[in-house]
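Here are a few notes to go with your first look at this one.

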Amino acid sequence: MSLVDEKRQWFKARVGFEPHETALDQSVCSHAILDEGYTEIADMGADPRTSDNPLYVGDPRVKFYAGANLVAPNGQPIGTLCVLDTKPRTLNDFQRQALQTLSRHVMMQLELRKKIRIEAALRAEMDHRVKNSFQTIASLLRMATRKVQDPDAKDVLALVERRFGAVASLHSELMGQGGRSKVQTTSYLEQLNKLLAASAPDHVTIFCAAEPGELQAVQASALGMIVSEFVANSIKHAFAVDRAGEIKISLRRQEGAEGWLLECRDNGCGHAGAVSGADSTGLGRMLMATAAEQLNGRLTTDFSPEGALLRVCFRD
């Protein structure tokens, strides 16, 4: 497969032919692209266009050439798909048709690769713009939270910021997967852990661990909501007065079942308020319950003097 420009020809792919490129004075393809679609030279020594070609008079002593033009969508020939031989020969009609069909297939592949590169560039630009928008909105939320004095309003704004952070983590993971609709459990939980740890006080340590697997985007979004709410509520209610503690998040396959088990634990005070929600109205609890429903899962809680435990079982 040769591509020709004004100074040289180079080979995008080749079999049984050593050079990576040749000068135009060695290029038979530069003659071929001037013809209508297909060129065949049974004996290069008998053709005035190629009788003095270095490929014919020198090594490897090429004597036969057949090439089908590679034609760009704008109608411009850019090279050929060609076959060479060291002895004269003539192709039959089937072989000629096959070469021309393959040349069209090559152009389809080249155009597909071009479109994929353009799509990747557009996706990267979109990702950049969305990230900038996320950062702007997050900054506005933080500014609004600092200015608001009402405790209930501050809690609601903090909840919105956490939800927004979970969505930002999901977006980042989805873009890292090339725009697929699924995310990897391990990398998603790692990103979520970094987000939560950055906002946690120094006396609270957060651990996240996940078995390898994939989640649908809607599942990951719901899971992010549950985890971020549990962590925020544990920090607020379970570790009061700068009490040191740990929060552990794990996601693993259920034994003997086609599904997942999410466990959120803290070693705080263990009273029901540890997961009562972001405010006295129980908004956080309601959001976690709604997220569990989105997972088609079952949410249970348990409280003891050793801390709080939240479990969500859901299927793939």
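1. Before anything else, keep in mind that this is a predicted model. Start with the second largest pocket: the lining residues divide into 16 nonpolar, five polar and four charged.

2. That second largest pocket has a volume of about 520 Å³. It is lined by 25 residues, and Val15, Gly16, Phe17, Cys82 and Leu84 are the closest to its centre. Strand E2 (8-11) and strand E6 (77-85) are the elements that give two or more residues to the lining. E6 has the largest share, with five residues.

3. Now turn to the sheet. Five strands make it up, in the order E8-E10-E11-E13-E12; the sheet is open and its pairing is mixed. At the edges you'll find strand E8 (204-210) and strand E12 (298-304), and since each has a single partner strand, one side of each is left without a neighbour in the sheet. On average, neighbouring strands here are turned by 10 degrees against each other, ignoring direction.

4. For a look at one pair inside that sheet, pick strand E10 (residues 245-253) and strand E11 (residues 259-266). The two run antiparallel and are joined by seven bridges. Zoom in on Arg253 and you'll see that Trp260 in E11 stands opposite. As background, strands of a sheet pair through backbone hydrogen bonds, either parallel or antiparallel.

5. Which helix lies across E8, E10, E11 and strand E13 (307-315)? That's helix H6 (residues 217-238), which runs at about 15 degrees to E11.

Conventions:
Residues are numbered from 1 along each chain as its sequence is written. This is a predicted model: local features need pLDDT of at least 70, side-chain atom pairs count only at pLDDT 80 or more; totals for chains, interfaces and linings use all residues. Side-chain values use heavy atoms; hydrogens and water are left out. On a 1 Å grid over the protein atoms alone, a cavity is a set of points where a 1.4 Å probe fits but cannot get out, and a pocket is an open set with protein on both sides within 12 Å along at least five of seven lines; lining residues have an atom within 4 Å of a point. Grid points are joined across faces, edges and corners, and a volume is the space filled by probe spheres set on the points. Helices (H or I, at least four residues) and strands (E, at least two) are DSSP runs, numbered from the N terminus. Ala, Val, Leu, Ile, Met, Phe, Trp, Tyr, Cys and Pro count as nonpolar, Asp, Glu, Lys and Arg as charged, and the others, Gly among them, as polar. Two strands pair if DSSP finds at least two bridges between them. Axes are lines fitted to C-alpha atoms, for helices over the stretch in contact, and angles run from 0 to 180 degrees between N-to-C directions. Contact means heavy atoms within 4.5 Å.
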